[in-house]
Amino acid sequence: MSDSSENIIVAENVSKTFPNGVKALRDVSLDVKKGEVVVIIGASGSGKTTFLRTINQLETVDSGKIIVEGVDVTDPKTNLTKIRADIGMVFQHFNVFPHLTVLENVMLAQILVRKRKKEEAERIAMEFLTKVGIADKKDEYPTNLSGGQKQRVAIARALAMHPKIMLFDEATSALDPEMVGGILDIMKQLAKEGITMVVVTHEMGFAREAADRIVYMDSGKIVEMGTPDEIFNNPKTDRLKQFLSQIL
Amino acid sequence: MRRKKHTLLWNIAFVLVIIGIGFFIYKASLRINYSWNWRAVPSYLVYKAEDEIDAPAPGIVEGYKDGELILKTEKNKILHIKVEHPILKKGAVVNEGDELGYNTHYKAGPLLVGLYMTIKVSLVSIVMALIIGLFTGLMRISENPLFKNLSTVYIELVRGTPLLVQIFIVYFFIGTLFSMTRFIAGAFALAVFEGAYIAEIIRAGIQSIPRGQTEAALALGMNYFQIMRYIIIPQAFKRVLPALAGQFISLIKDSSLLSIISLTELTKAGREVVASTFSPFEVWFTVAALYFIVTYSLSLFDRYLERRLAGDE
Ligand SMILES: Nc1ncnc2c1ncn2[C@@H]1O[C@H](COP(=O)(O)OP(=O)(O)O)[C@@H](O)[C@H]1O
Ligand SMILES: [Mg+2]
């Protein structure tokens with residue numbers, strides 16, 4: 001990347017406490033460069049999902065600031081729909097629209113949000129359905145698809161918006177083991193293509209192979225951060241060492 | 001095989017019970033000296049009306065041909081006039097306006113006219129109730145206290161007072177205030193009442209859609225209106241269809257209460273027919289059957305829709 005110094009996401013001292021009193025984020029700061037692939041790892045309940053969701057403001061913050069593409073998304077005056085259209089998100093539980101066909105799932109937001117013509121939206125939808133390998137299912141309803149296939153639809157749906165950033169929240173955790181590899185391959189391919197990605201995952205193989213940087217979170221804090229080599233081969237903190245020893 | 005036989009047996013028992021009940025009603029009516037007169041009933045639905053045919057000009061009846069009366073006027077013009085049942089002989093002299101005979105045509109009887117009014121007022125009311133229910137249902141789940149409280153007050157008030165009283169209030173107070181017709185006031189009163197129940201059905205339907213659907217749509221950059229219109233309501237609608245159909249059926253039945261503000265719908269028509277005949281049993285059974293035909297058709301239509309929409313889930 002020629003412009004690799006530009007930060008596309010800047011999170012500054014972000015804190016979040018849920019109404020039930022759980023402190024999910026404590027003073028989290030993280031910069032993501034354009035084209036960078038950042039993988040967030042950490043034990044369950046450490047705040048990974050919450051942090052990811054603050055980036056597109058599915059979760060509000062109590063204090064701190066998040067700037068995406070130069071826009072302060074934590075400012076209440078910001079028009080979120082515009083910035084969200086530039087941030088694709090893939091969920092653990094797919095969240096495909098069950099009342100729409102595969103093709104319609106991928107077309108709807110293009111038409112409503114990107115204001116594309118139907119023909120153009122369909123062309124782009126088919127392009128990405130082909131890319132994730134599910135073009136032949138375009139007229140099926142999601143109920144007739146396997147988990148892996150649903151997740152492919154969800155990825156195509158996000159990509160068809162031509163987002164500048166992709167967020168993945170444990171995209172493979174709800175899949176049968178034999179489906180995981182295919183989804184990870186798609187994610188690796190995207191990482192190679194240079195789209196900015198923030199990925200929450202328990203797949204350490206993926207993190208090692210695809211990440212430019214790995215962030216380790218624990219109890220709502222970023223405890224350690226570094227290249228895959230630094231994190232896996234040279235962990236500094238005891239907590240990370242312990243975490244790695246448990247999952248590797 | 002054995003099971004099949006039992007089913008048949010129970011079905012036979014069912015038919016016997018129905019026949020038994022019918023026989024009991026018949027016997028009971030004999031004991032109170034009721035004389036059944038079903039033959040009059042069809043004429044409350046449709047009857048043959050007679051239209052008197054009058055001479056358009058003075059002249060002489062020349063004769064009849066192909067069901068037409070040939071009239072030669074004083075000015076020696078020949079007129080062909082359709083008269084199905086003539087009363088004059090050939091050669092009769094008529095003045096302008098004299099009766100030549102009559103034609104007959106089928107006309108809807110009072111019960112059918114009443115049924116038509118019931119369907120009409122119910123349809124208008126259903127549309128209004130859906131709109132009221134949709135908006136108040138959405139208001140009820142809104143985070144804005146103004147909307148939320150307004151809809152809660154509306155729903156609680158409507159559900160806590162009798163429909164009959166509401167009809168009086170809408171008709172005499174709101175209806176007078178805005179000079180509504182009987183029809184509009186009646187349809188509106190029903191809509192206000194059923195709308196509160198529809199609001200609760202819609203609220204429950206919307207809340208039954210997983211949070212992830214809204215989140216996925218938000219993440220794609222869709223706004224509140226688009227999410228409701230394209231993601232939530234289509235899914236919620238499918239889930240609440242049976243409950244909605246049930247509410248529409250209630251509405252049709254509740255429309256009988258509009259007879260109290262002298263809207264001549266099916267029940268009022270029934271009362272009028274009973275008042276002018278001596279066949280209350282036959283008339284009320286017929287009225288009940290007519291209501292049932294409408295509500296049962298609606299429930300069949302609902303089942304058809306449910307089956308059609310079942311494909312994608
Ligand atoms: N909507 C919520 N309401 C209350 N507590 C929540 C909510 N979402 C998450 N939490 C809590 O916040 C903490 C962080 O959760 P999460 O970000 O989902 O962690 P992770 O994704 O790392 O497993 C957990 O203790 C979780 O129980
Ligand atoms: Mg999580």
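A: A salt bridge is a side-chain nitrogen of Lys or Arg within 4 Å of a carboxyl oxygen of Asp or Glu. In this predicted model, the count between chain B and chain A is 1 salt bridge.

Q: Which residues form the salt bridge, and how far apart are the closest N and O atoms?

A: Arg53(A) pairs with Glu215(B), and their closest N and O atoms are 2.8 Å apart. Two helices, H7 (211-219) and H8 (224-254) of chain B, are the elements that each give two or more residues to the side of chain B touching chain A, and H7(B) gives the most, with 7 residues. By class, that side of chain B divides into 9 nonpolar, 6 polar and 3 charged residues.

Q: How much area do chain B and chain A bury between them?

A: The size of an interface is often given as the accessible area lost when the parts come together. Here chain B and chain A bury about 1900 Å² between them, with 65% of it on carbon and sulfur atoms, and 18 residues of chain B are in contact with 24 residues of chain A.

Q: Which helix gives the most to the shell around ligand 1?

A: Helix H1 (residues 48-55) of chain A does, with 3 residues, and the shell by class has 4 nonpolar, 7 polar and 1 charged residues. A polar side-chain atom of Thr49(A) lies 2.6 Å from an oxygen atom of ligand 1, while a polar backbone atom of Ser46(A) is 3.2 Å from an oxygen atom of the ligand.

Notes. Residues are numbered from 1 along each chain as its sequence is written. Chains are lettered from A and ligands numbered from 1 in the order in which they are written. This is a predicted model: local features need pLDDT of at least 70, side-chain atom pairs count only at pLDDT 80 or more; totals for chains, interfaces and linings use all residues. Side-chain values use heavy atoms; hydrogens and water are left out. A polar contact is a pair of N or O atoms within 3.5 Å; within protein, one must be able to donate a hydrogen and the other to accept it, and residues adjacent in sequence count only if both atoms are side-chain atoms. Helices (H or I, at least four residues) and strands (E, at least two) are DSSP runs, numbered from the N terminus. Ala, Val, Leu, Ile, Met, Phe, Trp, Tyr, Cys and Pro count as nonpolar, Asp, Glu, Lys and Arg as charged, and the others, Gly among them, as polar. Contact means heavy atoms within 4.5 Å. Buried area is the accessible area (1.4 Å probe) that two parts lose on being put together, summed over both.
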